[in-house]
Amino acid sequence: MSGSKAGTPVEIFCNDVAGRVLLPAAELAQQYDLRDAPQAEVISRIAAIAANRQVSNSMVAYKLFRDGLISHEMWAAVTSLYRQQWLQNRNAARVKENDRGPSYYVVRRHRLGDRLLKLSRRMLTEGALSPSKAAPSSV
């Protein structure tokens, strides 16, 4: 669940289903007092729920918003903050990666080759290949 933007109807549906499975509404209903809470408290409670349920902060924020427990403005603000944190972490990881060399996934992609990956992607899109058959067991 991305939790960042609820753009397409399919993405909204997928996010809502994941939210219902991983974060039951009855459990989140206890957070009714977050509607008028300051941003620092909302972030703190989101972090506690996310750690307890082992899901992302963005997912908890999205579910709280969809359940009407935080406002759209609060959801947008905390989501923006989580996005900034994610970008900082990603950039820090890239710096570390450059010190150590390419990641496992870059090496794997290089070994497979672009032509094979493009063919596999096209066959998956057309339904001629299942995801489990497309996934290499060992290369």
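Buried means under 20% relative accessible area, exposed means over 50%, and partly exposed lies in between, computed with a 1.4 Å probe and protein chains only. By that scale R53, at 29% relative accessibility, counts as partly exposed.

This is a predicted model, in which local features need pLDDT of at least 70, side-chain atom pairs count only at pLDDT 80 or more, and totals for chains, interfaces and linings use all residues. Residues are numbered from 1 along each chain as its sequence is written, and side-chain values use heavy atoms, with hydrogens and water left out.

**The whole chain**

Start with everything selected and coloured by secondary structure. The protein chain has 8 helices and 0 strands; helices (H or I, at least four residues) and strands (E, at least two) are DSSP runs, numbered from the N terminus. Read from the N terminus, the order of elements is α-α-α-α-α-α-α-α. Of the 139 residues in the chain, 23% are buried. The accessible surface is about 9,800 Å², and carbon and sulfur atoms account for 55% of it; such areas come from the Shrake-Rupley method with a 1.4 Å probe, and for residues only the protein chains shown count as cover. Contact means heavy atoms within 4.5 Å. Among contacts between residues at least 6 apart in sequence, 64% join residues at least 24 apart.

Select residues 9–22, which are helix 1. F13 sits in this helix and, with 56% relative accessibility, is exposed. An α-helix has 3.6 residues a turn, so residues three or four places apart point the same way.

**Helix 1 against helix 4**

Now show residues 57–66, helix 4, alongside helix 1. The two pack at an angle of about 100°, and their axes are 10 Å apart. Axes are lines fitted to C-alpha atoms, for helices over the stretch in contact, and angles run from 0 to 180 degrees between N-to-C directions. Helix 1 and helix 4 are therefore roughly perpendicular; angles under 35 degrees count as roughly parallel, over 145 as roughly antiparallel, 65 to 115 as roughly perpendicular and the rest as oblique. At the meeting place, helix 1 brings I12, N15, D16, A18, G19, R20 and L22, and helix 4 brings M59, Y62, K63 and R66.

Zoom in on R66 and D16. They form a salt bridge, with their closest N and O atoms 2.7 Å apart. This pair links distant parts of the chain, as R66 in helix 4 and D16 in helix 1 are 50 residues apart. A salt bridge is a side-chain nitrogen of Lys or Arg within 4 Å of a carboxyl oxygen of Asp or Glu. D16 is buried, at 16% relative accessible area, while R66 is partly exposed, at 43%.

**Inside helix 4**

Keep helix 4 selected. How many of its residues are buried? The count is 7 of 10, so the helix is mostly covered. The buried ones are S58, M59, V60, A61, Y62, K63 and L64. Pick K63, which has 7% relative accessibility and is buried. Leaving aside neighbours within four places in sequence, K63 is in contact with G19, R20, L23, A25 and L28. Past the end of helix 4, look for G68, whose phi is positive, near 75°.

**R53 and helix 3**

Move to residues 39–53, helix 3, and return to R53. Which residue meets the side chain of R53 in a salt bridge? The partner is E27, at 3.3 Å from N to O. E27 lies in helix 2 (residues 25–28), and the pair, 26 residues apart, links distant parts of the chain. E27 is partly exposed at 28% relative accessibility. Not counting residues up to four places away in sequence, R53 touches V21, L22, L23, P24 and E27. The C-alpha atoms of R53 and L23 are separated by 7.5 Å, though the two are 30 residues apart along the chain.

**Last stop: the other salt bridges**

The structure holds 5 salt bridges. Select R45 and E41, whose closest N and O atoms are 2.8 Å apart in one of them. Both are in helix 3, 4 residues apart, or about one helical turn. E41 is partly exposed, with a relative accessible area of 33%.
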